[in-house]
Amino acid sequence: MMVEYLMLRNLNDAMGDADRLAGWLAGIPVHVNLIPYNPIDEAPHLVGTERAQIAEFAARLKFHDLKTTVRYSLDRDIDAACGQLVRRENRGLALQFKHSPEC
């Protein structure tokens, strides 16, 4: 099984987050795919985790014996990277999330 984990700065990229993820996945034969966030204009409140922090996060997951890969982002400069080719209505949902009282 593959778990896709989007890396967002100061939201889910701390070492404690890695430990919680590892605990949640304990005992499951899984491969974790860490995905750098690719920014979009419609969600300026979301910021991607720095590459060095993603590497540390990956190392922590590997310490917990989880197979882990860090995805590389292509075509980011032309807004064609993973996550950037989202339909406009989904971008509206991202903005609603920003203004949600739970956030």
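A: Helix α1 (residues 15–25) and helix α2 (residues 51–63) pack with their axes 9 Å apart, at an angle of about 35 degrees. Axes here are lines fitted to C-alpha atoms, for helices over the stretch in contact, and angles run from 0 to 180 degrees between N-to-C directions. Helices (H or I, at least four residues) and strands (E, at least two) are DSSP runs, numbered from the N terminus.

Q: And what is the origin of the model and its numbering?

A: This is a predicted model, in which local features need pLDDT of at least 70 and side-chain atom pairs count only at pLDDT 80 or more, while totals for chains, interfaces and linings use all residues. Residues are numbered from 1 along each chain as its sequence is written, and side-chain values use heavy atoms, with hydrogens and water left out.

Q: Which hand does the crossing of α1 and α2 have?

A: The α1 and α2 crossing is right-handed. By definition, a crossing is right-handed if the near helix is turned clockwise from the far one by less than a right angle, and left-handed if anticlockwise.

Q: Which residues in α1 and α2 meet?

A: From α1 there are M15, D17, A18, D19, L21 and A22, and they meet Q53, E56, F57, R60 and L61 of α2. Contact means heavy atoms within 4.5 Å. Sorted by class, this contact has six nonpolar, four charged and one polar residues. For the classes, Ala, Val, Leu, Ile, Met, Phe, Trp, Tyr, Cys and Pro count as nonpolar, Asp, Glu, Lys and Arg as charged, and the others, Gly among them, as polar.

Q: D17 is in that list. Is D17 buried or exposed?

A: D17, in helix α1, counts as buried because its relative accessibility is 16%. Buried means under 20% relative accessible area, exposed over 50%, and partly exposed in between (1.4 Å probe, protein chains only).

Q: What is D17 in contact with?

A: Leaving aside neighbours within four places in sequence, D17 is in contact with Y5, L11, N12 and F57. D17 and F57 are 40 residues apart in sequence, with 8.6 Å between their C-alpha atoms.

Q: Back up to the whole chain. In what order do the elements run?

A: From the N terminus on, they run β-α-β-α-β-α, so to speak three helices and three strands. Of the 103 residues, 34% count as buried. Among contacts between residues at least 6 apart in sequence, 73% join residues at least 24 apart.

Q: Now the core. Which residues in the largest nonpolar core touch the most other members?

A: V32, L34, F57 and L61 do, in a core of 15 residues. The elements giving two or more residues to this core are β1 (2–7), α1, β2 (31–36) and α2. A nonpolar core is a set of buried Ala, Val, Leu, Ile, Met, Phe, Trp, Tyr and Cys residues joined through side-chain atoms within 4.5 Å. A second, separate core has five residues, including Y37, I40, A43 and L46.

Q: What is L34 in contact with?

A: Beyond its neighbours within four places in sequence, L34 is in contact with Y5, M7, I54, F57, A58, L61, T68, T69, V70 and R71.

Q: Backbone next. Which residue has a positive phi of about 60 degrees although it is not a glycine?

A: N10 does, in the loop between β1 and α1. N10 counts as exposed, at 70% relative accessibility. D65 is also a residue other than glycine with a positive phi, near 65 degrees. D65 is in the loop between α2 and β3 (67–70), and D65 is exposed, with a relative accessible area of 70%.

Q: Last one: where is K67 found?

A: K67 is found in strand β3 and is exposed, with a relative accessible area of 59%.
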